[in-house]
Amino acid sequence: MNTIYTNSFLSYLKRHWLASVQFLTPLKLINAAIAFTEMKLGRLRCKSVPITYRIDPSTACNIRCPGCSAHTETTTEKRLLSLDDFKKIVNKIKRFSIRTALYDSGEPLLNKDIYKMIAYASDQGIGTSISTNFTLFNPERDLDQLLESRLTVLQPDLDGITQETYGQYRIGGEVDAVKTNIEAVVQGKKEAGTKYPIVEPQMIMFEHLMAEKEEIETYLEEIGVDKFTWKPDDWGFNPAQIEDAQNDKSSGRCLWVYLSMMVRPDGNVYPCCGRGLNRFSYGNILEESIDEIWNNKYYQFSRKLFTTGPDLEFDPEMEDLPCHQCTMFSKTRVMKPNPTKDGGA
């Protein structure tokens with residue numbers, strides 16, 4: 001079973017490198033080698049820049065999954081990324097970026113320019129992927145655009161083979177539509193004689209889904225998808241599994257602060273794909289250079305949390321930093337508590 005784990009180096013390679021070999025250049029390989037070395041050494045200031053990016057084209061969604069706040073959270077951030085801003089971002093990252101994931105907190109197909117964005121990234125020599133509930137895809141309208149965009153990896157969510165099971169988490173979605181759309185892309189690829197996109201349905205290992213696991217896998221093999229992936233349930237739907245995941249935190253350095261960067265529709269940069277729209281931003285890629293953001297005080301502080309040494313002195317500016325608040329990874333250092341609150345206890 002192909003299972004993806006957060007912050008696993010092997011999972012990182014599977015998701016980003018194996019499907020992106022065609023986009024490698026000598027310059028990108030040199031940058032990647034430096035990045036991995038700096039991560040291994042625990043450098044605070046990096047000479048390398050991110051290898052992969054996650055650029056969110058839409059923080060809105062058309063269905064209501066219980067573990068996602070996209071449909072309930074209010075925010076002052078832009079919900080949709082404009083095509084012009086996307087091109088500006090890609091122009092800044094194209095020399096070193098191997099792959100860009102065009103999704104995060106919302107449904108990417110809600111952005112009417114999604115296929116133009118994918119095509120532009122492809123033209124600039126960057127691999128692309130989208131994770132989508134795939135309920136908005138219309139084969140008659142969208143199949144040709146999808147194939148012509150040269151998307152590298154398509155990851156439709158298929159959390160159930162029956163509507164009863166699928167609808168427990170994907171509230172508002174129709175599983176028959178998802179299956180029809182996956183089959184249309186697989187068939188469209190065959191007729192076009194193209195390898196891409198790699199069709200990789202993904203499922204979350206919900207307790208209620210395990211009874212259909214074998215049936216789901218048999219179905220996917222029969223229709224001829226390229227591969228499929230199971231992801232651990234860390235979405236809050238099965239509390240027991242959440243507790244297990246938290247008790248099994250990665251003890252290594254967080255990959256994100258050395259290898260990847262997250263960008264929302266208004267250009268705000270975040271260290272990872274952590275949940276919540278209204279987080280502390282590390283900068284804005286539309287207003288600053290990659291170098292200015294990547295080595296600013298916020299990123300350097302975040303990297304310190306994964307290096308050895310005494311606990312860091314309290315800094316009120318860093319108190320709300322996503323990496324400081326993170327509970328997903330085991331940090332080797334922490335920031336001392338606020339000495340003005342309860343005597344620092």
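Predicted model: local features only at pLDDT ≥ 70, side-chain atom pairs only at ≥ 80, totals over all residues.
**Helix α5**

Helix α5 spans residues 139–149. Its buried residues are Asp142, Leu143, Leu146, Leu147 and Ser149. They lie on the same side of α5, because they cover an arc of only 155 degrees around the axis. Glu140, Asp144 and Glu148 are exposed, on the face turned away from that buried side. The cover over the buried residues of α5 includes α4 (114–123), β4 (153–156) and α7 (175–192).

Both ends of α5 have a local feature. At the start, a side-chain oxygen of Asn138 comes to within 3.0 Å of the backbone nitrogen of Glu140. Arg150 follows the helix, with a positive phi near 65 degrees.

**Aromatic pairs**

The structure contains 6 aromatic pairs. Two of them are tabulated here.

| Pair | Centre to centre | Angle between planes | Class |
|---|---|---|---|
| Tyr169 and Phe206 | 4.5 Å | 40 degrees | tilted |
| Trp294 and Tyr299 | 4.8 Å | 55 degrees | tilted |

Tyr169 sits in helix α6 (residues 163–169), and Phe206 in the loop between β6 (202–204) and α8 (213–223), so their pair ties together parts 37 residues apart in sequence. Tyr169 and Phe206 are both buried.

Trp294 is buried, at a relative accessible area of 0%. Tyr299 is buried too, with a relative accessible area of 0%. Trp294 and Tyr299 belong to a cluster linked by ring pairs, together with Phe280, Tyr282 and Tyr298.

**Charges over rings**

Lys179 lies over the face of Tyr219, 5.7 Å from the ring centre. Arg264 places its charged end over the ring of Tyr270, at 5.0 Å from the centre.

Conventions: Residues numbered from 1 in each chain as written. Heavy atoms only, no water. Buried < 20%, exposed > 50% of the residue type's maximum accessible area, 1.4 Å probe, protein only. Helix = DSSP H or I, 4+ residues; strand = E, 2+ residues; numbered from the N terminus. Arc of directions from axis to C-beta. Contact = heavy atoms within 4.5 Å. Polar contact = N/O pair within 3.5 Å; in protein donor to acceptor, adjacent residues only side chain to side chain. Phe/Tyr/Trp six-rings, centres within 6.5 Å; stacked < 30°, edge-to-face > 60°. Lys NZ or Arg CZ within 6 Å of the ring centre and 35° of its normal.
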